[in-house]
Amino acid sequence: MSNIAAKAKELLESNAVQVVIGYEVGPTGVVRPAFVTDSAKTDSFIYNENCLQNLAMYLTKHEVKHFGKMGIVATLPVMRSIMMLISEQQVVSENIVVLGISDDGKLLDFADLSVMHAHIEKSNLGNPTKDQERLAELNKLSIEEKFNFWEQELSKCIKCYACRQSCPMCYCIRCSTDCNQPQWIPVQSNTQGNLDWHVLRAMHLAGRCISCGECGRACPVNIPCHLLTMQLADQTYNYFKVHAGTSQDMKSVMSTFEPNDKESFII
Amino acid sequence: METIKKLIRKQSLEKLFTTLSASRKVYAPVFAADKRVEYKYNPAFAEVTFEHIQSTLSVKNVVFPKVENLMYYTNNKVDSTITDIDLTKIPEVVLWGSHPCDNSAYDVLKSIFCWDIKDEFFAKRLEKLVVIGLACHQSDAYCFCTSVGLTPNSTKGSDILLSKTKSGDYIAEIFTEKGNAIVAASSDLFEQPNNEEIVIAEVKQTFNHEQVTEKLKTAFEHPFWVANSLRCIGCGACAYVCPTCACFDIQDETKGKEGRRYRSWDSCGFSLFTLHTSGHNPREVQSQRWRQRIMHKFSYMPDRNESLGCVGCGRCSRGCPVDMNISEQLQALQNI
């Protein structure tokens with residue numbers, strides 16, 4: 001039995017949690033989320049390098065919360081999402097138990113959130129290297145070239161909103177794009193409507209994106225929409241020296257004013 | 001008309017394609033830069049693939065575009081002037097190289113769009129469509145056409161169906177007058193068929209759709225739905241890549257006095273889909289929406305439209321970010 005399975009079993013048996021959210025392998029060999037409520041069934045949990053989905057989005061899902069207290073297998077992006085969700089009062093820390101996973105795949109023992117905070121603080125919190133390199137390439141382009149790149153990419157968008165739905169930070173019960181009186185964002189999936197949607201989504205995640213890349217992974221037509229939010233994550237760090245999702249009581253970068261804030265970005 | 005069988009050599013396909021492309025819109029599959037397969041209007045023949053298993057998006061957009069204008073209007077002080085869309089301007093489209101599952105889907109869409117009141121937009125586009133299908137000579141683990149009553153070389157929906165022979169030439173079966181007109185206009189490219197064997201993909205049957213439909217009659221309250229949809233994130237990817245999903249939303253877009261009414265794809269996977277003005281939502285949680293998706297395709301449609309709402313292309317499962325594998329779920333439903 002793996003460490004995760006054993007820990008999950010222990011948590012369920014002692015009734016410390018009523019459900020454990022982790023990863024399993026589906027019948028076609030694809031890694032996917034698993035929800036185990038029975039302590040006898042924790043053997044299906046696995047962990048390997050394909051366990052990339054950010055599971056934190058399930059912490060705000062009605063039917064998962066309904067079970068009661070939740071245990072969650074958490075790699076660094078999941079831990080940071082949890083910190084964001086607690087700081088934005090979407091998750092109550094007493095309702096979750098984090099089964100942390102280190103960068104080299106080992107189960108971490110977090111006695112409480114302060115230990116997780118310490119773990120996050122000593123981790124690399126920038127964008128993943130391959131994404132940062134791609135952003136550097138894009139940032140070398142002229143404004144027109146960048147616009148053409150995004151226009152081309154976003155023309156593929158079918159407005160399925162997998163980017164929104166897969167994101168732990170997009171937890172609004174009613175998204176502003178679902179509002180039609182007034183209609184902020186055109187419903188239609190054409191160049192204008194797609195551009196408006198992706199810009200709105202990215203702006204709402206400025207200072208909140210924890211660089212997991214889940215939106216880009218979820219996209220069925222391979223739009224690298226995670227680069228939009230990662231660019232903003234990078235920029236908010238450069239301006240304010242704050243990474244999103246490091247502690248449970250961090251203040252929101254874009255909605256907190258400090259007298260000594262730099263205002264160099266105001267034109 | 002009676003089916004006619006001809007042979008077309010692989011080197012003649014280019015001639016046929018360029019002849020068709022010269023006078024009309026030809027919609028054909030190509031490999032995109034990221035290796036996905038997508039359909040393009042009038043690509044160069046060299047780009048066109050005959051070796052794809054499945055495009056990411058279906059080809060329903062030729063009859064049901066993702067955005068379609070329904071009318072234009074001008075608002076005056078007391079009244080509005082409406083300008084209808086000129087449906088006679090809808091062009092003829094030749095769909096080239098689409099697989100039998102996709103071609104069968106047009107009948108399913110027709111059973112929805114022309115169920116009682118004929119949807120003129122859809123009907124006109126379908127009338128203007130000529131389908132030169134391509135039987136599948138390869139498949140993957142997500143294909144399940146044989147479980148929904150089809151085969152990798154089903155002829156339904158095709159005007160002409162091409163099947164690859166062992167030597168790489170193609171047998172063309174012509175089923176309709178539309179198909180015959182194309183063949184007649186390039187008759188020098190078609191020969192009498194030989195007896196060479198054709199290559200057909202193997203697709204294993206994984207469930208019996210009639211048994212699933214029967215099971216669903218009493219499965220509405222079954223715990224299966226919650227247990228098997230916990231991981232569903234509620235996006236619309238499955239519906240939007242699906243060749244038979246037909247739901248749409250209608251919106252008015254006004255700028256000053258001028259405006260247009262259009263429809264765009266919608267999905268029963270979204271919570272907004274059933275939200276009432278009062279704030280009440282009859283499908284308030286994701287498991288109810290997932291149940292609706294399966295029920296609609298495998299229970300309500302066979303019951304009301306006399307057609308199954310699924311053609312087994314497997315796109316929803318390939319495109320799902322969380323592996324909501326429909327064939328796996330239907331196998332499980334058959335045994336509940």
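Two strands count as paired if DSSP finds at least two bridges between them. Keep that in mind as we walk through this model, which is a predicted one.

Let's start in chain B, with strands E8 (residues 160–164) and E9 (residues 170–174). These run antiparallel, and 5 bridges join them. To see the pairing for yourself, look for B:Leu161 and you'll find it standing opposite B:Glu173 in E9(B).

E8 and E9 belong to an open sheet of 8 strands in chain B, and if you go across it, the order reads E3-E2-E6-E7-E8-E9-E1-E10. The pairing here is mixed. At the edges sit strand E3 (37–41) and strand E10 (190–191), each of which pairs on one side only.

Chain B has another open sheet to explore, this one built from 4 strands in the order E5-E4-E12-E11, with antiparallel pairing. Its edge strands are E5 and strand E11 (248–255), again pairing on one side only. Ignoring direction, neighbouring strands in this sheet are turned against each other by 25° on average.

Stay with E5(B) for a moment. Together with E4(B) it forms a hairpin, with 4 residues between the two strands. Strand E4 covers residues 67–75 of chain B, runs antiparallel to E5(B), and is joined to it by 5 bridges. One spot to look at is B:Tyr72, which stands opposite B:Thr83 in E5(B). So is strand E5 (residues 80–84) of chain B tucked away or in the open? To count as buried, a residue needs 20 or more other C-beta atoms within 10 Å of its own. Of the 5 residues in E5(B), the number that are buried is 0, so the strand lies largely in the open.

Next, a pair of helices, still in chain B. Two packed helices are described by the angle between their axes and the distance between the axes. For helix H5 (residues 209–216) and helix H10 (residues 326–334) of chain B, the axes come within 8 Å and cross at roughly 65°. The crossing of H5(B) past H10(B) is left-handed. On the H5(B) side, the contact is made by B:Gln211, B:Val212, B:Lys215 and B:Leu216, while H10(B) brings B:Leu330, B:Leu333 and B:Gln334.

Time to hop over to chain A. Its domain assignment gives domain 1 (3–121) and domain 2 (129–255), and their C-alpha centres lie 25 Å apart. Where the two domains touch, domain 1 puts in 20 residues and domain 2 puts in 17 residues. On the domain 1 side, helix H3 (76–87) and helix H4 (113–121) of chain A each supply at least two residues. The largest share of that side, 8 residues, comes from H3(A). By type, the domain 1 side divides into 10 nonpolar, 8 polar and 2 charged residues.

Finally, how do the two chains meet? Their contact takes 30 residues from chain A and 31 residues from chain B. On the chain A side, strand E2 (31–36), helix H2 (62–65), helix H7 (162–166) and helix H9 (214–218) each supply at least two residues. That side of chain A is made up of 15 nonpolar, 11 polar and 4 charged residues.

Definitions and conventions: Residues numbered from 1 in each chain as written. Chains lettered and ligands numbered in written order. Predicted model: local features only at pLDDT ≥ 70, side-chain atom pairs only at ≥ 80, totals over all residues. Buried ≥ 20, exposed ≤ 12 C-beta atoms within 10 Å, placed from the backbone. Contact = placed C-beta atoms within 7 Å. Nonpolar A, V, L, I, M, F, W, Y, C, P; charged D, E, K, R; others polar. Axes fitted to C-alpha atoms, helices over the stretch in contact; angles between N-to-C directions. Left-handed = near helix turned anticlockwise from the far one by under 90°. Domains from an automatic or database assignment.
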